[in-house]
Structure formats: structure tokens, C-alpha cells
Amino acid sequence: MSHEPRGGALTLTADAVKVGPQLHFIDGDFRAGRDQQTFETLDPSTNRPIAMVAAGGPADVDAAVAAARRAFDEGPWPRMKPAERAAVLRRVAAAIREQADDFIGLECLDVGMPIRQMRGLAARAAENFDYFAEVITALHGDAYQVGGEFLNYTIHKPVGVAGLITPWNAPLMLSTWKIAPCLAAGNTCVLKPAEWSPLTATRLAALMAEVGLPPGVFNVVHGFGERAGAALVAHPGVNLISFTGETTTGSAIMANGAATLKRYSFELGGKSPVVVFDDCDPERALDGIVYQIFTLNGQRCTAGSRLLVQEPLYEELVGAVAERARDIRVGDPFDEATELGPLIRPEHHSRVLGYLDWAHQQGARLLAGGSPPPGRVEGNFLEATVFADVTPEARVFREEVFGPVLTATPFRDEDEAVRLANATDYGLAAYVWTQDVQRAHRVGQAIDSGLVWINSQNVRDLRTPFGGMKASGIGREGGHYSFEFYCERQTLHVALGEHSIPRLGVASA
Ligand code: NAD
């Protein structure tokens, strides 16, 4: 596939990225789909096709699940010592680092991620494998002394075959966040990547084969959610589903998997508030606000998309945010200077523009952006957009836009701030800016979200639990919490002597 050079300060170029057909990876081999159906993945900067992708169906899912089941029931992977599995996962991490440019190029092309941000995401993907390799070797059960009569203890066992279903916004980082703990625990898996961003999943499959992961441990089935994804969820051979994506998809998955009684981890949508009090450090708050909404092209589950500012600071801070937004460099993902790339697809672009229309209709004041950059005729670009005076009733205040669109709303006091922060069905993340330490804790604890950052943008330590409240998710992953999901906890009760056993069926003396 050849691409026009697009100019700018390029170290890696779109036309240097090599992309072949995107096949399924089943039992250690790349294969076309059973029914030969395919679809195209598009370059969001131009909407031109990049590659043909196998459109998986139930037969492909069956083959992948059968391979994963064989690898789990008969293969070495679950039987290896944790330290042996950890060694393989460390080789995966090292190979991702060595081949980072390939992954970076593919995802910049497929998703439109700005290259400087993609470098960080690729490094994080490698870190996911190193990190969970370390945790699995340190994982331990608990022991309970029951007087001198019993010793009870717990162990971790892998669950079986996992279905991992991932979204398109940061595919490499988000898939490795699931794959690494899933495999570390001794499970085998089938990854169903999002149909809009298949490239790095195929590349990762090739890397898994290179580092010597046994066949069947890691499988990839490409295709559409409603077909390939649904078949994976409904499959009786799949024991657990880890899903990241939209809230409505999460509900559909839960219903579809009910008959086969699956274990779920759901990381869903967000509409996260950024609550700024007038005693904050305004320069740092400004940096945090702009970073948190406009990175990852605004397509970030933890985006701080609702700015709530205390009245005395409101006009000044919102004005400063808009000024920064107007200067954000929108353009070619491969250009080192680019800060904001295109949205993933034309249909998503139209959806985001629809929210801008509703915001106008519902009386919001446009301070920055609101349209594609002047002169850009192709691709799904949108300037960094800021709306002021957005009321809590407006759709753009309550619903996830998943684009570079920030709303700003004033508040008077702490109570109103918390009320506004909680005025959405979502509860993934929140950001609080204040120098009053007591208020910081009080407000942070009063907001119903799984994650709260105080005086910070989203900076994550992999040991901490990650996940959402309300419509933003079910369960927590991260650190040892990942192993609560990817492992069974078995409890063994061992009698140490001759404790009394009530005797039934014995004729009374
Ligand atoms: P999506 O729900 O449309 O798709 C996600 C995945 O689910 C894709 O692989 C898709 O093919 C699959 N899918 C769709 N329908 C399915 C079905 N019926 N059965 C099985 N699988 C199905 O989400 P998206 O548009 O790809 O991603 C954006 C969403 O993801 C946003 O809402 C965002 O907030 C959320 N997200 C959440 C987190 C988090 O950690 N909470 C992280 C990133 C993205």
C-alpha cells in the first residue's frame, strides 16, 4: 500500500508503513476466514483504504476457541511455573520495544494517533507485559489457621479461555492491558479487536509467534462486533469476557453471554468532570485541562470533557483554555509537531459534529474550534473545540462525545460542584483542582467515579485498581486486582487431626 507523503517534520512516514492483508491468527497460524468475507480498514487522515481485513464469523470463532481450549486443557502454558510464563512475557515486552517503530507506524496510520503520543502508548504496551510478569511471580494466596483443627488456604488457578474484546481508540495499549494479565495467570485467549483498528493486533500476533508463545495460547479473530464479537460472547467454550467499549455494547454483551454464564470485566464509557476551584494553581490547572481533553484525539475514555469552574475564576480560565485550544496543532499524525490527529471514521466525525449542532441549539457559546481546520478537505479532522455556558440539561454535558470537545459550566460552591460533577450516568474518572487539602479529599470522595485525580492529569500507576462506577463499568483491573478477574480463587480446607464428624445413619445406642 503506498501513501502520499504529507509533509511536515516526519521521522516515520505513512508510506514507509508496510501493511499486508489482515488475517486471523488461530493456533499459531495466520488464516483467511472460513467464508472468505473481508472488509477494508481506512486511514482516518484520508479515508482511503489501508488493507483488507478478514471478517470473522462463528466458524472462525469456533476454530479459535477450540485452539485456545486445547492449549488450555492439554498444552504447557497453564502448567508452566509462573516464573516461566513471566520469562515469555518479558520477551514479548522486549520485542515490542525492539519493534516499536512498526507498532507506532501501524497505529498512527490506522487510528490517526499523533506520533509523539503513540510513542508513549507503545512504551506502555511493553510495560504492561513486564509489569504483569512481575506481579504473577509475586502473587500469593492466604492461609487461615482454624485453631489446631484445620488449615485453610487459598490458591490462584487460571480460569480457562478468555474472550478479550477491545475498542479502537488506543488499540495496542488497551489490548495489552488485557492480554498481559490474562496470559500471566495461565489462561489462553481469543482477542477480537475493533473492526476500525485491526492493524496492531495482527502485528502483535506475529510477535507472539516469534517469541515462542505456544500455539493456541493467543488467538486473534478479526471482524465486526455484532458477528465475530457476538459469537465469541455466546460461545460455551469461553469462560470469561473482558470488554472495553461503549456502555450500550456492554449491556448487549451481558445479555448475550447470560445463557452460558460468563465472568465479565467491563470498562465502559465516560463523561468525566474537571472541577476547578478558585484557589487552584491556575497555570497547572490550565495545562491539565487542555492535556486531558485534547490528547488521544479526544477519543479517550478518561477524557476530562466537562470543565466545571468556580465563578470568580470562570471567565478568565475558560478564556485561557480556549486560547490554548485555538493554538493546538491539528494535522498529520506522522508529523512530530501534531498534537491532534483525525477522528477515527467519517461516521464518528459526523456523530461528533452532531453534538456540536445540539450544543449550539441548546444555547452554548462556542469559544474555539467547532469545525474542520480551514483548507483540510479530506480526513476526519476537527479543531480543538470549547463551548462555554453549557447547561447540565444539554446532551453535550451528559453524553459521551468521544472527540476533542470540551464543555465549560460555572459553579458557585462545593455543593453545586459535586452535584454537577455527578449529573451524568457515567462515573469513570474525575479531576479536582484546589490547593485546599481538606476540600480536595472531601470533593474527591463525594464524586461517584472509580478514579479521581487531585491536582493532576491522568497519571496511572499500574498497581492501582482501574475501573468505573455507574454506567462506566463493572469490576476493577490493575495490579493484583487483574488477577481477581483472570484467576479462580480456590479454597482448600485441610483437617489437621481427628475433629468430630457428626455421624448419620448409625443406630442410636
Ligand atoms: P464499541 O462498544 O462500539 O466496540 C468495542 C468492541 O466491541 C469492538 O471490538 C466491537 O467490535 C465490539 N462489539 C460491538 N458490538 C458487539 C457485540 N454485540 N458483541 C460483542 N462485541 C461487540 O466501542 P468503541 O466505539 O470501539 O470504543 C469507544 C468506547 O469505548 C467509548 O465509549 C469509550 O469510553 C470506551 N472506552 C472505555 C475505556 C475504559 O477503560 N473504561 C477505555 C477505552 C475506551
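Predicted model: local features only at pLDDT ≥ 70, side-chain atom pairs only at ≥ 80, totals over all residues.
View 1. Helix α11, formed by residues 346-361, lies across β14, β15 and β16 and runs at about 25° to β15.

**View 2. The seven-stranded sheet that contains β15.** The strands of this open sheet follow the order β14-β15-β16-β13-β12-β18-β19, and their pairing is mixed. Its edges are formed by β14 (365-368) and β19 (451-454), each of which pairs on one side only, and the twist from one strand to the next averages 20°. Further into the sheet, strand β13 (residues 304-310) pairs with strand β16 (residues 405-411) in the parallel sense over five bridges, and leucine 307 has alanine 408 of β16 as its bridge partner.

View 3. In soluble globular proteins, nonpolar side chains tend to be buried together. The largest nonpolar core here has 106 residues, of which Phe218, Val276 and Leu307 touch the most other members; its largest share, twelve residues, comes from α4. When residues up to four places away in sequence are not counted, valine 276 touches Ala285, Ile289, Leu307, Leu308, Val309, Gln310, Leu313, Leu317, Phe411 and Trp433. A second, separate core has 27 residues, including Leu356, Val396, Val405 and Phe411.

**View 4. The packing of helix α2 against helix α4.** The axes of α2 (residues 82-98) and α4 (residues 115-138) come within 8 Å of each other and cross at roughly 170°, which means that α2 is roughly antiparallel to α4, because angles over 145 degrees are counted in that class. On the α2 side, the residues that meet α4 are Pro82, Ala83, Arg85, Ala86, Leu89, Arg90, Val92, Ala93, Ile96 and Arg97. Their counterparts in α4 are Ala122, Ala125, Ala126, Glu127, Phe129, Asp130, Ala133, Glu134, Ile136 and Thr137. Sorted by class, this contact has 13 nonpolar, one polar and six charged residues.

**View 5. The three-stranded sheet.** Strands in the order β5-β6-β22 form an open sheet with antiparallel pairing, in which β5 (143-146) and β22 (487-495) are the edge strands, each pairing on one side only. On average, and with direction ignored, neighbouring strands of this sheet are turned by 20° against each other. The pairing of β5 with strand β6 (residues 150-158) is antiparallel and extends over four bridges, and tyrosine 144 stands opposite asparagine 152 in β6.

**View 6. The hairpin of β3 and β4.** Strand β3 (residues 38-43) and strand β4 (residues 48-54) run antiparallel and are joined by six bridges, with alanine 54 in β4 as the bridge partner of threonine 38. Four residues lie between the two strands of this hairpin, in which asparagine 47 takes a positive phi near 60°.

Methods:
Residues numbered from 1 in each chain as written. Heavy atoms only, no water. Axes fitted to C-alpha atoms, helices over the stretch in contact; angles between N-to-C directions. Parallel < 35°, antiparallel > 145°, perpendicular 65-115°, else oblique. Contact = heavy atoms within 4.5 Å. Nonpolar A, V, L, I, M, F, W, Y, C, P; charged D, E, K, R; others polar. Core = buried A, V, L, I, M, F, W, Y, C linked by side-chain atoms within 4.5 Å. Buried < 20%, exposed > 50% of the residue type's maximum accessible area, 1.4 Å probe, protein only. Pairing = 2+ DSSP bridges.
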